[in-house]
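Colleague: Could you walk me through this one? I would like to start with the surface and then go on to the rings.

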Amino acid sequence: TGQAAARRSASPEPLAEWPPTARQLSALEIETLYSALAQRGAGYGPLFRGMRSLWEDAQGALWVEASLQ
């Protein structure tokens, strides 16, 4: 899901480390996510599978490390 905004919010502060260890992150299986997306009709081929690592924090926010190559 997403949100539409009338104006752009301020840019977030850059992270001092990656992944952010100050948050309690749980690693997620990337293939599980792609499978769940495919079941919902959003199948991605190999050229569009750039996620390398995926985490979820305690609030349900996702943190993604991706390759754009």
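**Surface and rings**

Modeller: Val64 counts as partly exposed because its relative accessibility is 36%, where buried means under 20%, exposed over 50% and partly exposed in between (1.4 Å probe, protein chains only). This is a predicted model, in which local features need pLDDT of at least 70 and side-chain atom pairs count only at pLDDT 80 or more, while totals for chains, interfaces and linings use all residues. Residues are numbered from 1 along each chain as its sequence is written, and side-chain values use heavy atoms, leaving out hydrogens and water.

Colleague: Where is Val64 found?

Modeller: Val64 is in strand S3, residues 62–66, strands being DSSP runs of E with at least two residues, numbered from the N terminus.

Colleague: Switching to rings, how many aromatic pairs are there?

Modeller: A search of the whole structure gives three aromatic pairs, counted when ring centres of Phe, Tyr or Trp (its six-membered ring) lie within 6.5 Å, with planes under 30 degrees apart called stacked, over 60 edge-to-face and the rest tilted. Trp18 and Trp63 make a tilted pair, 6.0 Å centre to centre with 50 degrees between the planes.

Colleague: And what does that pair tie together?

Modeller: Trp18 lies in the segment before strand S1 (26–27) and Trp63 in strand S3, so the pair ties together parts 45 residues apart in sequence.

Colleague: Is Trp63 buried or exposed?

Modeller: Trp63 counts as buried, because its relative accessibility is 15%, whereas Trp18, at 36%, counts as partly exposed. Ring pairs also link Trp18, Trp55 and Trp63 into a cluster.

Technical notes. Helices (H or I, at least four residues) and strands (E, at least two) are DSSP runs, numbered from the N terminus.
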